[in-house]
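Keep the model open while reading.

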Amino acid sequence: MTEPPEQKENPAQLATVLREKAREIGFELFGIAPAVPPGGFGPLQDWLKKGFAGEMSYIPRREEAYSHPQFVLEGVRSVVLVGLNYFDREATNTTAEEKTQPGGRVAKYATGTRDYHDVLKKKLKSLAGVLHEARPGCRTRGIVDTAPLLERDFARLAGLGWFGKNTMLISKREGSFFFLGALLTNVELPADEPHHTEHCGSCTACLEACPTDAFPEPYVLDSTRCISYLTIELRDQPVQTELRSGMGDWLFGCDICQDVCPWNRKAPQTTVEEFRSD
């Protein structure tokens, strides 16, 4: 295992500098979690056994790697989590009747002018620069949903929010329309307080609104029935007849379970120009 770089500065001070830099480059959410086995690994295994991953074979193929972030970065000590708001009011069309433009609907995260992976990776690289300057020789790796890392688990552990009944991570301040990014490092940083509570109460709006009944129970998503899966992940197979009517006019992704969430009623407008629709 790679040894961490020599600690030449106060880790708490370094964490503060990181937080300030994250805010400077546009991240609305920031938190630090320890590099530990994620609590969601067991539920992930159960989820896979039920076949809810469908055609997403890359998930079971990398199953063991999800058990610890060390499989993503050897010697990792800390996981820095950030959130970047992508909510664009101009892209909001909750129902077909409310549509203002012809054609099918596209999920808000994909209506911008640039791939969100590229936007977040650039910002994470800038954030990593703080660590490399303070700890020459340290190791970092920026992650934007392409590595076997349970980002939501670490985001909750870092205090960013709680899991909604639609499985989305929800923040009191930002709602759920934000991208998660992770910066793994072998620099040990003080962890933030985990988010211990959840604030969905008795609300089941997201579960009731899903037109394809993709939630067999609260906090569990059957991807094989999710419109996002059907329009993006399904490969070389026709959509089940029983699900076609529920798909409506969605062409790419789906926002229904987020659009009806009360925590998104006052979702702030994104400040990232690349995330705004043309």
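A polar contact here is a pair of N or O atoms within 3.5 Å; within protein, one atom must be able to donate a hydrogen and the other to accept it. Note also that this is a predicted model.

Start at Asp88. This residue sits in the loop between strand S2 (78–85) and strand S3 (105–106). A polar atom of the Asp88 side chain lies 2.8 Å from the backbone nitrogen of Ser277. Is Asp88 buried or exposed, and which side chain of opposite charge is nearest? Asp88 is buried, and the nearest such side chain is Arg276, 5.7 Å away. Asp88 has no salt bridge, because a salt bridge needs a side-chain nitrogen of Lys or Arg within 4 Å of a carboxyl oxygen of Asp or Glu. Beyond its neighbours within four places in sequence, Asp88 contacts Lys108, Gln269, Phe275, Arg276 and Ser277.

Take Arg276 to begin with. Its side chain meets that of Glu273 in a salt bridge, at 3.5 Å from N to O. Glu273 is exposed, with a relative accessible area of 54%. Arg276 is partly exposed, at 31%.

Now take Lys108. How many salt bridges does the structure hold? It holds 10. One of them joins Lys108 to Asp255, with the closest N and O atoms 3.3 Å apart. Asp255 lies in the loop between S8 and helix H9 (256–259), and Lys108 in the loop between S3 and helix H4 (116–134), so the pair ties together parts that are 147 residues apart in sequence. Both partners are buried. Lys108 and Asp255 also belong to a salt-bridge network with Asp259.

Another bridge pairs Glu274 with Arg114, the closest N and O atoms being 3.9 Å apart. This pair also links distant parts of the chain: Glu274 is in the segment after H9, Arg114 is in the loop between S3 and H4, and 160 residues separate them. Glu274 is partly exposed, with a relative accessible area of 27%. Arg114 is partly exposed too, at 36%.

Turn next to a nonpolar part of the surface. Val106, Leu251 and Phe252 form a patch there, with about 240 Å² of accessible area together. Leu251 lies in strand S8 (residues 250–252). Leu251 is exposed, at 55% relative accessible area.

Glu174 is the next stop. It is found in the loop between strand S6 (169–170) and strand S7 (178–185). With a relative accessible area of 6%, Glu174 is buried, since the cut-off for buried is under 20%. Its side chain makes a polar contact with the side chain of Arg173, at 3.4 Å. What does Glu174 contact, leaving aside its neighbours within four places in sequence? The contacts are Glu28, Leu29, Asn85, Asn264, Ala267 and Pro268.

Move on to Cys203, in the loop between S7 and helix H6 (205–209). Cys203 counts as partly exposed, at 30% relative accessibility. Its C-alpha atom is separated by 8.8 Å from that of Cys261, which is 58 residues away along the chain. Outside the four places on either side in sequence, Cys203 is in contact with Lys165 and Pro262.

Ser223 lies in the loop between H6 and helix H7 (227–233). Ser223 is buried, with a relative accessible area of 5%. The C-alpha atoms of Ser223 and Glu55 are separated by 9.3 Å, although the two residues are 168 apart along the chain. Leaving aside neighbours within four places in sequence, Ser223 contacts Trp47, Phe52, Met56 and Tyr229.

Finish with the backbone. Most residues other than glycine have a negative phi. Asp145 is found in the loop between strand S4 (140–143) and helix H5 (151–157). It is partly exposed, with a relative accessible area of 38%. Tyr219 also has a positive phi, near 75°. Tyr219 is found in the loop between H6 and H7. Its relative accessible area is 39%, so Tyr219 is partly exposed.

Technical notes: Residues numbered from 1 in each chain as written. Predicted model: local features only at pLDDT ≥ 70, side-chain atom pairs only at ≥ 80, totals over all residues. Heavy atoms only, no water. Helix = DSSP H or I, 4+ residues; strand = E, 2+ residues; numbered from the N terminus. Buried < 20%, exposed > 50% of the residue type's maximum accessible area, 1.4 Å probe, protein only. Lys, Arg positive; Asp, Glu negative; His and termini not counted. Contact = heavy atoms within 4.5 Å. Patch = residues over 30% accessible without salt bridge, like charges linked within 9 Å, V, L, I, M, F, W, Y side chains within 5 Å. Areas by Shrake-Rupley, 256 points an atom, 1.4 Å probe, with all protein chains shown as cover.
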